[in-house]
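Keep the view open while you read.

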Amino acid sequence: MVENMAARLQDVVVQRRGKTILGPVNHEMAPDGCTIVIGPNGAGKTTLLKTLHGVERLSQGQVDWGVPEHVARQQQAYVFQSPIMLRRSVRQNLIFPLSLAGKGRAEANDRVTYWATKIGLAKMLDQPAPRLSGGEKQKLALARALIRDPAVLFLDEPCANLDGRSIREIESLLLDVQRSGTRIIMTTHDLGQARRLAGDVLFLLRGQINDYGSAQTFFAAPSSPEAVAFLNGDIVE
Amino acid sequence: MTDIWSGLQAAFWLLVTFDRDLVEITLRSLQVSLSALVIASIIALPLGTWLAIRRFRFRRAVIAVLNALMGLPPVVVGLIVYLLLSRSGPFGVLGLLFTPTAMIIAQVIIITPLIASITHQAMRELWAEYHDLLISLNTSNWQRIKTLIFDGRRALLTASLAGFGRAIGEVGAIMIVGGNIDHATRVLTTAIALETGKGDFALALGLGFVLIGLALVVNFGIHVLSRTEREGRW
Amino acid sequence: MIRMLAVLATVLGGTATAETMKMAVTTSFHNSGLSEVLLPAIARDIGLDVQLLVVGTGQALRLGEAGDVDAILVHSKSAEEAFVEAGFGTHRREIMYNDFVIVGPSSDDAAIAGAGAADDALTAIAQAEAAFVSRGDDSGTHKKERALWDAAGYNTADFGDWYKAVGAGMGASLNTASSLNAYILADRASWLNFGNKGDLALLFAGDPVLFNQYAYLPVNSARHPHVKSDAAASLEMWLTSDRARTLINGYRIEGETLFMFNAVKAE
């Protein structure tokens, strides 16, 4: 694992069909901890995550992880809002990223067992993944993202539409991996979840960083009036 | 109606007596069409998948050409292959005309666009589903194609079976390039054409029923082998 | 099972032992069933496996021109002579002849059964405008039919709807005639072997102009070096032998002789 993967966004702009979706953004991401990205719908949260992950086509500017891009990508994993299940068994879903990386069978099996136990799916290894419940799918997606021990984990609203118990399990898993040194960058709509997990908070509005601070200061005393309104539950656009 | 009945009877007797010619013709039909199927699948499955995942300048044109080729009349393919393989044609030195190999070539040309086109449509859907994950995992093109082919194998099986159905039932092209030579290039469909020409409808129909039965057995067999039915959606 | 494996072996392995050659023959010759008598005898006598390409005369000549077959056996004298003249074939060897017959509805609406000559029979059909099916495929039989209309003083291009050029082989044309209850010119062998006669009956035959000469033409190896001229030569030898004479003259369907051997012994 590469320590201290810090990213610097320089003049990043993402435009699609003449509309600016993100930017201009200039920001230096903290090298560790858990960053929560919040903001109203359409603020550019997903685009920001994809930009950091390197899968978004930039119209301007650049993202610098301090290492060549393909090295950075190998150290990252991404969990989508609606989990993408390969039409295979739970086991094969977990093995997939390992086999892409050319890991041996024995090592792969050990890891699969470890992660399946960790997410409570050890007894369902041979079930088809597309038939799991929503919560099970998202846990599987999370385990599949973590199985390669990424240095950076992106999560795009991983708990949208999930029941309380699944949310609790996923959050405790996230706290675990954070403690073991994985950098987490995550978007959420759930302000409660943001308060529970955040080390620092990025407040996005109209494609730009409207406010930024440690979780403590941001939630106690946000510096921008829009952030205040957003935290109060007002409609911000 | 009497013709159909006597056709059924003829088919029955051909089968129960294990008619030597029938067995030979049937095996040759299978040999030619299965060979064509394997070759066409090796070309068409990756091609169709590739077309589904890659964006390049002439992609739409390639897909349009593929769809047009799908409707290509087999006799035209037969005629072109004939002219190419004829001793007076560019590939005449190979001496392939009027051999099972020539028939395989013609059938490959006929069914490859069909299989590729069905593959493309099925893979486009699967790719839409897998796109974000495979991009995020930084997969190479080849890894993407392999993953889609593996997970879309049921759709691909359907595509291949459609190709097989077209190949084994095809008569126009293989008549021209195979020549319907007894004990060399005669297959079920050309034998049917021959018997119809002789006015022997019962035997022609009998062979027709054997052909239908064969198509059913092969379809069913492939489904059982790959156990796709038991696995349901996948 | 063993039988199946044996056949499988033959199919996949090909009949490797015997020498093979390809010969293009006309549909009418093949439909007569004579080839099923001659081919096994040839294989037995001279160890030659003759593979037949059953096509129309026009296509048979094209196959010979292209060098895709080693010899052709057809029945269209002027086309054959042109073929040899152009250097595609080495020579033309007459083997045997059969005859054409006029078939039609058993009610014989045009009353051709009593005609004195082929001309009269065709004239009767044209005047009655009775349905007539023509091969229309430029085959030997079709060429013969056109020549007969010519001789009777008609041009087929002037005919009305009753004259139907179907553009198909002998069997398919007979099928059409049978379903339309129409007149048709057919070679005797195809007619006798035809399984779907329906209400059709043989109405006119015997005029010498209806005789149909078959000739054997080896493809010229000077033009196509790959052709098996040795095999073609030994086949020619066999086809003109006494053994062939016996088999050809002795071939009968429903008691009728179909072919008359008339090859002239070499030297």
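## Ground rules

This is a predicted model, in which local features need pLDDT of at least 70, side-chain atom pairs count only at pLDDT 80 or more, and totals for chains, interfaces and linings use all residues. Residues are numbered from 1 along each chain as its sequence is written, while chains are lettered from A and ligands numbered from 1 in the order in which they are written.

## Chain A overall

Chain A holds nine helices and nine strands. Both are DSSP runs, numbered from the N terminus: helices are H or I with at least four residues, strands are E with at least two. The C-alpha trace spans about 50 × 40 × 35 Å along its principal axes. A compact globule of 237 residues would have a radius of gyration near 18 Å, and chain A agrees with 18 Å. That radius is taken over C-alpha atoms, and the globule rule is 2.2 Å times the number of residues to the power 0.38.

Of the 237 residues of chain A, 42% are buried. Buried means that 20 or more other C-beta atoms lie within 10 Å of the residue's own; exposed means 12 or fewer, partly exposed is in between, and C-beta atoms are placed from the backbone.

## Strand S8 of chain A

S8(A) covers residues 200–205, and five of its six residues are buried. Two strands pair if DSSP finds at least two bridges between them. Strand S3 (residues 34–38) of chain A pairs with S8(A) in the parallel sense, over four bridges. There A:Ile38 stands opposite A:Phe203.

Strand S9 (residues 208–214) of chain A pairs with S8(A) in the antiparallel sense, over six bridges. In S9(A), A:Asp211 is the bridge partner of A:Phe203. The hairpin of S8(A) and S9(A) has two residues between the strands, and A:Arg206 takes a positive phi near 50° in this hairpin.

## A glycine in chain B

B:Gly206 sits in helix H10 (residues 201–226) of chain B. B:Gly206 counts as buried because it has 25 C-beta neighbours inside 10 Å. Leaving aside neighbours within four places in sequence, B:Gly206 is in contact with B:Gly7, B:Ala10, B:Ala11 and B:Leu14. Contact means that C-beta atoms, placed from the backbone, lie within 7 Å.

## Where chain C meets chain B

Here 28 residues of chain C are in contact with 25 residues of chain B. On the chain C side, helix H1 (2–13), strand S2 (48–55) and helix H8 (170–180) each give two or more residues. H1(C) gives the largest share, seven residues.

Definitions and conventions: Two residues are in contact if their C-beta atoms, placed from the backbone, lie within 7 Å.
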